[in-house]
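Keep the view open while reading.

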Amino acid sequence: MVGVYRELEGCMQLFVHVLRRLHVLRLPPVADVLTRQIYFTGASATAGIVLRGAFIGTLIIAYVINVLDADAALAVKILLWVVLREIGPLIAAVLVVQRSGAAVATELALMTVSGQVDSLRQMRVDPHDYLVVPRVIGIALSNAALTVYVQMIAVGGGMLLGPVVIDASFEELADNFFRLATPLDVAYSLIKSLLFGAAIAVIACYHGLNPPGRSFNAVPRAAINAVTQSTLLVMLLNVVFAYVVYGVLFFGLIKAEV
Amino acid sequence: MNADPSVEDARPVPHAAEAIALAYESTAEVAAGFRISVPQGGCRRVEIGDAMLKAELCRAVLDMHPGPGRRLTVLGAEVGKLAAGERAALRARVGFLPAAGGLLGNLNAWENIVLPIGYHSPRQLPKMAQRVNALLNRLGAPPRALLGKLPEEMTLLEKKLTGGVRVLVEAPDLVLAEDLDDGLDAAQRGTAARLAEAYLATHSRGTWVQLEDGATT
């Protein structure tokens, strides 16, 4: 219990540090790390993540529409509320956890046990400024971008697949979708994906900088801790987010009316 | 290089603080006493037989925090009497070269060299290419061959030279070089020794302290 509290406290401190020290992103070495992180998480992974996201999104659409025996209006609502608002950000986040969360935790844990983090301190470079701030911002931005890709592909795939399983044309589905969708839907999923990305990165950085030991055996354990905990946190945040937005904060404003 | 074995038994020896680049000593209440004292200016080689003491000295200087029962003087200032801000300012005047160069594994030599300058004084970055090239040429390390290498592709000497150049471009008033000779053959030691020469050529009032293993005298 004490360990869990310590980890939560450590992650919160890292997150606060990131918010307080955003200005270090202007420093050339930190900006380089940010660029590399965005390239690694947002660019080089795009094809694989979008493809996997599209498969999952399209599968959900086909399955749900078929099971519910939906008409065009219901199919569009499912696309909007399930895929755009919920599944899109969640799929992107889970895929980013698997790839970037594990990579960041492993890289930082290796740097910690091999004394490279100490080298930064010896150069009077704050490891949190140089290692954590650009990774958290880079992963949060990349996760938001990947979410948009996944949403576009999954919704597009659903619209393409819809006419095969229900009695509605692509034009009808698209027309209904753009009539029903609001900027609030996009803002909701973007804010959520930014938060997911930041949470994944903070947990990965925390476990990378605090591996359970100083030997190389601690490196995979740090990665496992980061992946399991950030997956759990993403799911938890999704539930809290859905409850706050649908249940309390905007109740009635964007409440689903199926 | 001046040989200056300067580890002595602990005695309250009065000294002119201004002339001291680095002093580390046990205070009177500690039974097993010692005193390490390095005067300002030039290149000093300090041999310390006790590896723990050497590590403790490095840590005390890097953290600007003498442990209990210890007194640390850096560049004429007794660290224990300084406020936090003064310690930070004093720390900024000290450069440290670890035994294996202290390089980051995912950065090439050039990125490693300019990392602290880019973090602390980004306005100086445009001048760095010329300065680093000049330093590497002086050390006999061809910049074109070295600067693109990752640490895993470097020899130990190249790692030490890269770490050394990283310290030199910051022009600190005091440089602590830890085990610079360690793991090098005689010819390579000669090359590594050029780091101190290059430092003193560009920073005539600086002090280069080389901490090595050896019989404590």
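Two strands are said to pair if DSSP finds at least two bridges between them. In this predicted model, strand β6 (residues 70–74) of chain B and strand β7 (residues 77–78) of chain B have two bridges and run antiparallel. One residue pair to look for here is V74(B), which stands opposite A77(B) in β7(B). The two strands form a hairpin with two residues between them, and L75(B) in that hairpin takes a positive phi near 50 degrees.

β6(B) has another antiparallel partner, strand β3 (residues 20–26) of chain B, and this pairing extends over five bridges. S26(B) is bridged to R70(B) in β6(B). As a general point, side chains in a regular strand alternate between the two faces of the sheet.

β3(B) also has a part in how chain B is divided. Where the two meet, domain 1 of chain B supplies nine residues and domain 2 of chain B supplies seven. On the domain 1 side, the elements giving two or more residues are β3, β5 (42–48) and α1 (51–63) of chain B. Sorted by class, that side of domain 1 of chain B, facing domain 2 of chain B, has seven nonpolar residues, one polar and one charged.

Now turn to chain A.

The overall dimensions of chain A come next. Its C-alpha trace spans about 65 × 35 × 35 Å along the principal axes. The radius of gyration of chain A is 20 Å; a compact globule of 258 residues would have one near 18 Å, so the value for chain A agrees with that expectation. Of the 258 residues in chain A, 45% count as buried. Among contacts in chain A with a separation of 6 or more, 85% are between residues 24 or more positions apart.

Finally, the two chains touch. Ten residues of chain A are in contact with 15 residues of chain B. On the chain A side, α2 (28–43) and α5 (116–122) of chain A are the elements that give two or more residues. α5(A) gives the most to this side, with three residues. The residues of chain A that touch chain B comprise six nonpolar, three polar and one charged.

Conventions. Residues numbered from 1 in each chain as written. Chains lettered and ligands numbered in written order. Predicted model: local features only at pLDDT ≥ 70, side-chain atom pairs only at ≥ 80, totals over all residues. Helix = DSSP H or I, 4+ residues; strand = E, 2+ residues; numbered from the N terminus. Rg over C-alpha atoms; globule rule 2.2 N^0.38 Å. Buried ≥ 20, exposed ≤ 12 C-beta atoms within 10 Å, placed from the backbone. Nonpolar A, V, L, I, M, F, W, Y, C, P; charged D, E, K, R; others polar.
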